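Trainee: Before we go into detail, I would like to learn how to read a fold from its overall features down to its contacts. Could you take me through it step by step?

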Amino acid sequence: MNGLILKDWLYLRKVFLILGGATVILAGFLVPMGLGCISYMIMAFFAVLMPVNAMSIDGVSRFDRYALALPRTRREIAAARYQFGLLCFGAAAAFCFAAAVLAQIFLPAGHADLLGISPLIWWAGIMGGTLLVLDVTLAVFYRYRVNISVVAIIAVAILPNLVVYMPDLMKQPMVGWIAVVLAVAGLAGLWVSWRVSLAAYERWDVN
């Protein structure tokens with residue numbers, strides 16, 4: 001299974017390093033300005049694209065057919081793709097968490113992030129929403145073989161705009177509750193996504 005994860009990494013390492021480096025530099029500008037949530041969202045966006053791009057490359061290169069000849073079960077092949085996605089997501093979440101903690105500690109209270117909302121609340125909400133997008137995107141891809149990552153991410157990106165344009169949602173407790181709901185939904189959705197994807201992948205016809 002490690003070989004399958006390594007394959008995805010070799011496919012996408014240049015893209016990962018270029019996009020990761022660019023977003024780290026961007027965060028270096030945005031976090032001190034109290035706009036860290038924007039950099040969290042961009043980094044999460046790129047993290048979600050990685051596993052789906054790897055699946056698209058597999059389809060184009062016909063690796064899907066070759067994979068079935070490997071001494072691995074379909075469960076192991078699908079699990080490797082989920083693990084790769086979670087590794088990309090985990091790397092983005094860890095970096096953004098460190099940036100949010102630094103902003104919380106060193107920036108003035110009320111100015112550490114957009115709308116005066118704690119950068120840790122932004123981090124929890126954005127990462128929860130991103131994990132939910134990853135859940136839905138992988139399940140839909142395995143079920144229907146359609147990449148909806150961009151559409152799903154745009155849907156989640158609307159949430160900060162709702163906060164800006166709906167005064168009742170601008171209060172930190174309400175945003176905090178939204179962040180909690182997204183985080184719980186993202187974690188719970190991971191199990192549902194895995195079951196849906198595995199059931200669909202068991203029926204895949206790659207001829």
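Trainee: What percentage of the 207 residues in the protein chain do buried residues make up?

Mentor: Please keep in mind that this is a predicted model. Buried residues make up 42% of the 207 residues in the protein chain, where buried stands for under 20% relative accessible area.

Trainee: How many helices and how many strands does the protein chain have?

Mentor: The protein chain has 7 helices and 0 strands, and from the N terminus on its elements accordingly read α-α-α-α-α-α-α. As for the separation of contacts in sequence, among those between residues at least 6 apart, 78% join residues at least 24 apart.

Trainee: Which residues touch the most other members of the largest nonpolar core?

Mentor: The general idea is that, in soluble globular proteins, nonpolar side chains tend to be buried together. In this structure, the largest nonpolar core has 49 residues, of which Tyr40, Phe84, Ile126, Met127 and Tyr142 touch the most other members. At least two residues of this core are supplied by each of H1 (2-30), H2 (36-61), H3 (63-67), H4 (74-106), H5 (119-144) and H7 (172-201), and the largest share, 14 residues, comes from H4.

Trainee: How should I read the pairing of two helices, and at what angle do the axes of H1 and H2 cross?

Mentor: One reads the angle between the axes first, and then the residues at the contact. The axes of H1 and H2 come within 10 Å and cross at roughly 165°; because angles over 145 degrees count as roughly antiparallel, H1 and H2 are roughly antiparallel to each other. H1 passes H2 in a right-handed crossing, and the residues of their contact divide into 16 nonpolar, 6 polar and 3 charged.

Trainee: Are H2 and H5 roughly parallel or roughly antiparallel?

Mentor: The axes of H2 and H5 come within 10 Å and cross at roughly 15°, which means that H2 is roughly parallel to H5. H2 passes H5 in a right-handed crossing, and the residues of this contact divide into 18 nonpolar, 3 polar and no charged.

Trainee: Which residues does Ile126 touch, not counting residues up to four places away in sequence?

Mentor: With those left aside, Ile126 touches Cys37, Tyr40, Met41 and Ala44.

Definitions and conventions:
Residues are numbered from 1 along each chain as its sequence is written. This is a predicted model: local features need pLDDT of at least 70, side-chain atom pairs count only at pLDDT 80 or more; totals for chains, interfaces and linings use all residues. Side-chain values use heavy atoms; hydrogens and water are left out. A nonpolar core is a set of buried Ala, Val, Leu, Ile, Met, Phe, Trp, Tyr and Cys residues joined through side-chain atoms within 4.5 Å. Buried means under 20% relative accessible area, exposed over 50%, partly exposed in between (1.4 Å probe, protein chains only). Helices (H or I, at least four residues) and strands (E, at least two) are DSSP runs, numbered from the N terminus. Contact means heavy atoms within 4.5 Å. Axes are lines fitted to C-alpha atoms, for helices over the stretch in contact, and angles run from 0 to 180 degrees between N-to-C directions. Angles under 35 degrees count as roughly parallel, over 145 as roughly antiparallel, 65 to 115 as roughly perpendicular and the rest as oblique. A crossing is left-handed if the near helix is turned anticlockwise from the far one by less than a right angle, and right-handed if clockwise. Ala, Val, Leu, Ile, Met, Phe, Trp, Tyr, Cys and Pro count as nonpolar, Asp, Glu, Lys and Arg as charged, and the others, Gly among them, as polar.
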